[in-house]
Number of protein chains: 2
Amino acid sequence: MATELNRNSNLGTFFEARSVAVIGSFKEAWMGGYGVVKNLLNFGFCGNIYPINPSYSEVLGMTAYPTVNHVTDPIDLAVIITPSHVVPQIIEQCAPKGIKAAIIVSDGFAETSREGARLQRQLVGIARSFGIRIIGPNTIGIVNTATGLVTTPYYTGYNRIQRGAIAYASQTGIAGAQALPLEDCAYPISKICDFGNKCDVNEIDLLEYLAADPETEIIAIHLEDIKDSQQFMATARSVVAHKPVLILKPGRSEASAKAVASHTGSLAGPDQIYDSAFKQAGIVRLDTWQEFLDVPKVFASQPLPAGNRAAIVTVSGAAGIIAIDAATESGLTVAALSSVTIDKLASLSPRLASNPVDVGQVATLVNVGDFTATLESVMAAVLADSGVDCAIMALWATSASEAEATADMFRRLRQQFSKALAIWIYGPKLSARDELSRQLEVLGVPTYLNLETAAKALGIAATYAKVKSRHNW
Amino acid sequence: MATELNRNSNLGTFFEARSVAVIGSFKEAWMGGYGVVKNLLNFGFCGNIYPINPSYSEVLGMTAYPTVNHVTDPIDLAVIITPSHVVPQIIEQCAPKGIKAAIIVSDGFAETSREGARLQRQLVGIARSFGIRIIGPNTIGIVNTATGLVTTPYYTGYNRIQRGAIAYASQTGIAGAQALPLEDCAYPISKICDFGNKCDVNEIDLLEYLAADPETEIIAIHLEDIKDSQQFMATARSVVAHKPVLILKPGRSEASAKAVASHTGSLAGPDQIYDSAFKQAGIVRLDTWQEFLDVPKVFASQPLPAGNRAAIVTVSGAAGIIAIDAATESGLTVAALSSVTIDKLASLSPRLASNPVDVGQVATLVNVGDFTATLESVMAAVLADSGVDCAIMALWATSASEAEATADMFRRLRQQFSKALAIWIYGPKLSARDELSRQLEVLGVPTYLNLETAAKALGIAATYAKVKSRHNW
């Protein structure tokens, strides 16, 4: 069984933990041990939760224990959020309990001072001597959507992350459940991991784990430094044959490389080296935080495009032209439609017989209901064309009440066609845009805040597909 | 008086119109003459509205007239939204009424067919013979926030555009009131203009008008083609001495240049020519639709930076490093803080004594209230530094209820400091992000969907300031 397999792998004890001890303060506050327990409860963690603190007998309805050793049942994972100087001692207490995995949320280690770095080294020594693996310190930990495991100590404001194919990893908490609109935007997620200071578990361990994780189909990693570049690239190369690996690595400028050095305590090396190493390993390098969040969506829900020929369907001629620039700069080409397709489009209106197709041109001729029908006929025509590998769409969302009809259209299109889509939604009301986005993403149709990211996502997917087929992956 | 001045200028009759005839169908529909009248009423147009259609005696409570010549009061502007073949005849009817400005919303002209192109030429001939200026055809027309003049024929879903300094112009309706979340996002706008087919009024006319418009302080234009490049550049050069001109000109790729040619009927010319011509004229060229919408905000509400030295304040170390890349790639440098500033920051916490400042590092040490106070002290320290010209911030919005405290912080900071700010807001709830964004933008603090655009906006402002001072503009 998949879960068993993963529990036996390197990081399985973390992600597939069935019992979690939370060690820290349980004062009702915006962050802390209280937050961890609350999030585990809110996200419906399906295992056992043990709050650990000698001053409490009960936390949020759960029995609290003075130490982990007072718990009679076995504990898989310790989440530690205490003052830093206490952490080594907590780890020592974990050892006799047989705990093999610890997430150290606490900060005050190598990221702060020499004293902190010394404490971190001490911590690692103790953990190693007991065979305990550590994620962190200075981390918000991990998420496993399959089990409801969410260790972030901050209030998230929502209780449900859509389970899906994307694994996000980051060197800081900025990719965590407390920072991303994971409920509003329906990102389909398998795992999240914040490495923190990477005193033990690092990007190589995680890549190996995610490669074997049956829930994960696409891996997006934000990395400030790479501990062992050679081994990382070798590991990545074997992973990308099965799952795309997308990396956002800041530090392109001299100033940011310097800041990385002071932030992580390790030298990043000249940036161009990464560019070529990533390319050789088949890793896709992303440029912005928004790409990091949004490009994986197209891999998570769409088939890989068989080629790079894109249909562009918009409700504005200008959007079509902007999309051409974005598409060609992302490695796509504007598909040459077949004469059959051109005829189909022309039968709707002679003004629609081209790629990009600007359906807005017939807006004045029909009513709203007919407009959606026209849009659907146009989409069906271009997606049926064997010279079209994928489609970029720009949709105008005017009111939340119209979202359902548009979602129905995509529901029907998806029954007939399985080509990759990426949708930019714009319009006069954020609420209408958000509602349409929500309904489409639930259906598995990825939506984007801008046309450029939509085109780039498809371009990256098409490029990955090409590299994959060239290597017979 | 400013309004008088503009009424006398070239396009004043359009933008400062005090009486508008809407000529078209008044069937209750999602678009059409009905939509124009409804929008004029919804946006509180302060002039007179005359629906014109022989089949109606009343539209939305307003008296309707068979033709413009049945109206006894003077009419400044005709908004025409009839079948295309009727338009020349309508223009002829406008002449005896003394109407000198017509917005032709109708499509079916040069953008559709040879027949349409012929009709357009005929139309221009008739209009010229009567001295009538035309915006369009195939346009959604204009907006003047000062008078509530909104001629878009589509339902917008909201009734208020914030009056402010940005003029947006576009060659299609995609920059119109029906396409942008102008209420949700509080873009401060003076005028909007959709040129449509540009059969008469073009980008040069508009630049001249906006240059003299006291409400407009920054001009953003989306252009697919330029009718008379030489004159346009000369006009732009004189305008940028007073007001920044930002242009989004798609057509970078061969494929899009070809599409532009078929979309607009005019050749765009090799793209690199525009790059250097824009540069020579002092025009800022934008790359994406999102930049087109969001970069002007920093000019509209912030002082021009005296230099390019940026403070970066975040609640995440990773965001700080991403911001450095974005800042340096946008022409900014990471400000070297003075020893006084470093001391001030160190007195808050030794971990805050750097630029970027990661205030998130002290999150674990304080409660939420103290956290905002710390953030404010950090901002006050860096903004007081004479070596800091502007600041990029990344803010974490967790709940809508906390927005007010953050807005209060900016209210106090703005009383003390007048340096340019650009804010990226992220977080787990779109509603919280939107609420904070709304509250800050009402205060005149520009917010961005991503860090890169925030940095780019400040970088472009700093570059414009430098060019301006070099030329003694």
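A polar contact of 2.7 Å joins the side chains of Lys297(B) and Glu441(B). Keep in mind that this is a predicted model. Lys297(B) sits in helix H10 of chain B, and H10(B) packs against H16(B), so that helix is a handy place to begin.

**Lys297(B) and its surroundings**
- With a relative accessible area of 5%, Lys297(B) is buried, since the cut-off for that is under 20%.
- Beyond its neighbours within four places in sequence, Lys297(B) is in contact with Ile166(B), Tyr187(B), Glu441(B), Pro446(B), Thr447(B) and Tyr448(B).

**H10 against H16 in chain B**
- H10(B) covers residues 289-301 and H16(B) residues 451-470; they pack at an angle of about 55°, with axes 9 Å apart.
- That angle makes the two helices oblique to each other, and H10(B) passes H16(B) in a right-handed crossing.
- From H10(B), the contact draws on Gln290(B), Glu291(B), Asp294(B), Val295(B), Val298(B) and Phe299(B).
- Facing them from H16(B) are Thr453(B), Lys456(B), Ala457(B), Leu458(B), Ile460(B), Ala461(B) and Tyr464(B).
- Sorted by class, this contact has eight nonpolar, two polar and three charged residues.

- In chain B, H14 (residues 403-416) and H15 (residues 430-443) pack at about 25°, their axes 9 Å apart.
- H14(B) is therefore roughly parallel to H15(B), as angles under 35 degrees count that way.
- H14(B) passes H15(B) in a right-handed crossing.
- On the H14(B) side the contact uses Ala403(B), Glu404(B), Thr406(B), Ala407(B), Phe410(B), Arg411(B) and Arg414(B), which meet Glu435(B), Leu436(B), Gln439(B), Leu440(B) and Leu443(B) of H15(B).
- The residues of that contact divide into six nonpolar, two polar and four charged.
- Watch the numbering in chain A, where residues 403-416 are H15 and residues 430-443 are H16.
- The axes of H15(A) and H16(A) come within 9 Å and cross at roughly 25°, so these helices are roughly parallel to each other.
- H15(A) passes H16(A) in a right-handed crossing.
- Among the residues that H15(A) brings to the contact are Phe410(A), Arg411(A) and Arg414(A), while H16(A) brings residues including Leu436(A), Gln439(A) and Leu440(A).
- By class, the H15(A) and H16(A) contact has six nonpolar, two polar and four charged residues.

**Val357(B), a buried strand residue**
- Val357(B) belongs to strand E17 (residues 357-358) of chain B, and is buried with a relative accessible area of 0%.
- Leaving out residues up to four places away in sequence, Val357(B) touches Ile312(B), Val313(B), Thr314(B), Leu345(B), Leu352(B), Val378(B) and Val382(B).
- Pro305(B) lies 52 residues from Val357(B) in sequence and 20 Å away in space, C-alpha to C-alpha.

**Backbone details to check**
- Most residues other than glycine have a negative phi, and most peptide bonds are trans.
- A cis peptide bond links Gly136(A) and Pro137(A), with omega about -10°; Pro137(A) is in the loop between strands E7 (133-135) and E8 (142-144) of chain A.
- In chain B, the Gly136(B) to Pro137(B) bond is cis, with omega near -5°, and Pro137(B) is in the loop between E7 and E8 of that chain.
- Asn138(B), in the loop between E7 and E8 of chain B, has a positive phi near 65° and is partly exposed at 28% relative accessibility.
- Leu60(B) has a positive phi near 50°, lies in the loop between E3 (58-59) and E4 (62-63) of chain B, and is partly exposed at 34%.

How values were computed
Residues numbered from 1 in each chain as written. Chains lettered and ligands numbered in written order. Predicted model: local features only at pLDDT ≥ 70, side-chain atom pairs only at ≥ 80, totals over all residues. Heavy atoms only, no water. Axes fitted to C-alpha atoms, helices over the stretch in contact; angles between N-to-C directions. Helix = DSSP H or I, 4+ residues; strand = E, 2+ residues; numbered from the N terminus. Parallel < 35°, antiparallel > 145°, perpendicular 65-115°, else oblique. Left-handed = near helix turned anticlockwise from the far one by under 90°. Contact = heavy atoms within 4.5 Å. Nonpolar A, V, L, I, M, F, W, Y, C, P; charged D, E, K, R; others polar. Buried < 20%, exposed > 50% of the residue type's maximum accessible area, 1.4 Å probe, protein only. Polar contact = N/O pair within 3.5 Å; in protein donor to acceptor, adjacent residues only side chain to side chain.
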